[in-house]
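Dear colleague,

I am passing on the structure we spoke of, and I would be glad if you could look it over with the notes below at hand.

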Amino acid sequence: MSEDCVVDIRAPLNFVWSSSQKITVFQKAKSCTKPVLYELQSFASAKKNVFIQRLIRASYDIFRVLQECNVSVDLFRLSHQFRAILAMCYQEIYEYLENCKNLSSERRVSIAADGDLVKTCELLWHLSEVVLLQSLSPGKLTNALCEWYFVQSQEASMVARSFLDKHSSCSGPLRFNNESEQLFWTTILTLTTQGQPVEVSALLMSHSKANTSLFRDVRQLLAAMPQDGSNSADPLWQKSTSVEKAWQHWQSACNLRLVEETRNRTASGDISSVYLTLILSILAGRQDCWSDIRVAEACGTWYFQFVGWLFYTNHFVDALSLSTMLEQFTAKFNVDLNGNLDGHSFAAIIDKVIQHIFAKDILSVVFALSEKFNNWWMVAHFSNLVKHLLPDFFAGMDSTLAGSTRQYELKMEGPDNPKFIELDEIIATKGTVISGSFWKLKPYGIDERSRPIRLASVIPDFFLMRYAESLAADPSLLSIAIGYLDYCTTLRSTARAVQASFLQHIKPTTTRLTNELIQLARKYKLPEVVDEISLTKCRASLPPFGTPINAVSACTALGWAIIARDVPLIAHIITRTMSHSMSAASNDTEAWNAVKEVARIVTCLFEDRASTTQKTSQSWLAPLISSPEFAFISRYAELQSLLQAGDDDEGIIYTTLDLLSTGDISGGFNVPAKFKYHLLRQLKPHLNPATMKGEYIKTLGAIVAELKAKMSLPGKMDEEAQNLLMSLSALVVQAKALNTMNACAQTEYTDQPMAGDYAFSEDGLV
């Protein structure tokens, strides 16, 4: 915002999480009404920027592939892809902020917050892969943890790269001032705690004292560090029969060099000898060095320091002992892990989740992410990955939770009375409550009045629905949101109801948006939603009752009614179009065009394409076929086709006279007089008195006589119509005379009696 938002109110304010991860701020008053003052969209919203949008679309593609995968190796590969797109998104955000210097402060803070969130997701996902989703043997576990530390804390690596670039460009040892030398040694110390001997050795080689004995000995020890199964080139470690013995031999050598350096070092040692001695202490597995403030600052956070401490002092710890080792670490170095857990800071939430990961408590990790984390992406995708990688985990938790003292329920937080609702209620309501309130999972103790609930098996689907709801707030991500719900298996019926609600809550403002909504509904087999959307557009296209309907409105409404397959509405549109248009003036071409276009659309529905499938799909139109309105408008469409062709006068005459005589049939459509004049005006150019058949003359004469009788009534005089009827009457008389003459001539030629025969003709005198 360009200026501060000032709320002129004296009463205390309160807030509550509402749908789509918004904070609803309201006035705290005694009355039950809570007037909403403002809604604050959380920084994790999908509508923030193009980087998050790209992350969402890429993760959905990986998610769809994962649903069809059941091989562990492939699942881990897809997990790495999730982590890769998180890293790529963070890198794009970082580069964007570095290169765009003209961003407003609000925009920069917002994008930076998104970057921090993405980086945190990558950090937690990577650590979960190492500790929770894999069964790494002792030694490999601490190597993997150090790799996590190195990948997720790249600042030291970037600084080291800059030092090495400077060293290679100057073709000589690095020269420092006080500040740069301090940064140099801090970087080396960080890389040492990360278990990166190659990078540390490269930096030591760039120092001006690189050829002194201490520097050379430290580099040799770093090069001899056993890595991944004791692949060191040093013969001392190759003689060892086990990796653990090789590690012990290597740390013994480091300890000997440390003792020697400590004995020979003078009291006024320079900074290089001080830091190298500290590094030797770390390599030797000493405990006291980890309480050094320089080591703590080099690590940055307690969990990175814990990983470095494990790597050097408890290198062969197993995964089940990580929680115990964390307790020893916090007790030994006075690390307070619970100091900020009661707060709501982002760092406190990360600390809590990482503690659960080190405790190998997947369920607590999932619940902590859902309750505290300000984003549904992480918990939705992670729980779904666990569901596929460990298929028995969530299913097995139901029986475990039922008999334990630790159970979970869903808590709906509201401004008035917070209440607890079991998941069965959500299933019973088919997801309707999900879209209206903020739900979270909350642990509670056993209560005699509360029955055990089977919640664990539906956790992945529940989080998918919550994530889909956050996406559906952005119309451009609606298809992805509905796509996620299609993969809910345990809550299948609930997910389908939520899919329908997403589509129903979007107002189809444009034809393009409407078509997209209908395509989505058809893709996910939601015919009732297709009907509802189509009927909404159909009613919006129809003008109010009593208002004339034009061709555009009639055709648009009819098209949506056909998509909805609403036969009564189709009949209503046909009837309304004909009743308004046929009552218009005879020279109102727009009115006749409405009937013509509607007739063409309806006729196309019943074109015989000799397809059994199409005939079956058109069975819903059976009630419409028997209606008199449809019979009339179908014949009218045929007439329009004949008129357009213009080469079948007899067909035009026959079809027009058939339409004009519809009202004479019992149950037929009663054609208004004005429309009859319109039909006669269309028919007149195609009448030829010399070629008209007798039955046509008779029918046309009766129609003209009927209209003349109606025109003789008071108030029914129309000069134009009267002239039309007079000309048609004269044409009928002329046609009768010519028909009689032709009949007489034909009789004289064909009915001559043979000699000796008697002949009689009844029509001879007519």
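This is a predicted model: local features need pLDDT of at least 70, side-chain atom pairs count only at pLDDT 80 or more; totals for chains, interfaces and linings use all residues.

By the rule applied, the count of salt bridges comes to 15, among them the pair of Asp270 and Lys209, whose closest N and O atoms are 2.2 Å apart. That pair links distant parts of the chain, since Asp270 sits in the loop between helices H10 and H11 and Lys209 in the loop between helices H7 and H8, 61 residues apart. Asp270 is partly exposed at 30% relative accessibility, and Lys209 is partly exposed at 33%.

Lys693 and Glu650 also form a salt bridge, at 2.7 Å between the closest N and O atoms; Lys693 lies in the loop between helices H32 and H33 and Glu650 in helix H31, so the pair ties together parts that are 43 residues apart in sequence. Asp217, Arg257 and Glu261, in turn, are linked in a network of salt bridges.

Thr142, in helix H4, counts as buried because its relative accessibility is 1%, where buried means under 20%. A polar atom of the Thr142 side chain lies 2.7 Å from the backbone oxygen of His315, and the residues that Thr142 touches, leaving aside those up to four places away in sequence, are Leu310, Phe311, Asn314, His315 and Val317.

Helix H24, with 15 residues, spans 21 Å from its first C-alpha to its last, close to the 21 Å expected, and its buried residues include Val529, Val530, Ile533 and Lys537.

Technical notes. Residues are numbered from 1 along each chain as its sequence is written. Side-chain values use heavy atoms; hydrogens and water are left out. Helices (H or I, at least four residues) and strands (E, at least two) are DSSP runs, numbered from the N terminus. The expected span of a helix is 1.5 Å times one less than its number of residues. Buried means under 20% relative accessible area, exposed over 50%, partly exposed in between (1.4 Å probe, protein chains only). A polar contact is a pair of N or O atoms within 3.5 Å; within protein, one must be able to donate a hydrogen and the other to accept it, and residues adjacent in sequence count only if both atoms are side-chain atoms. Contact means heavy atoms within 4.5 Å. A salt bridge is a side-chain nitrogen of Lys or Arg within 4 Å of a carboxyl oxygen of Asp or Glu.
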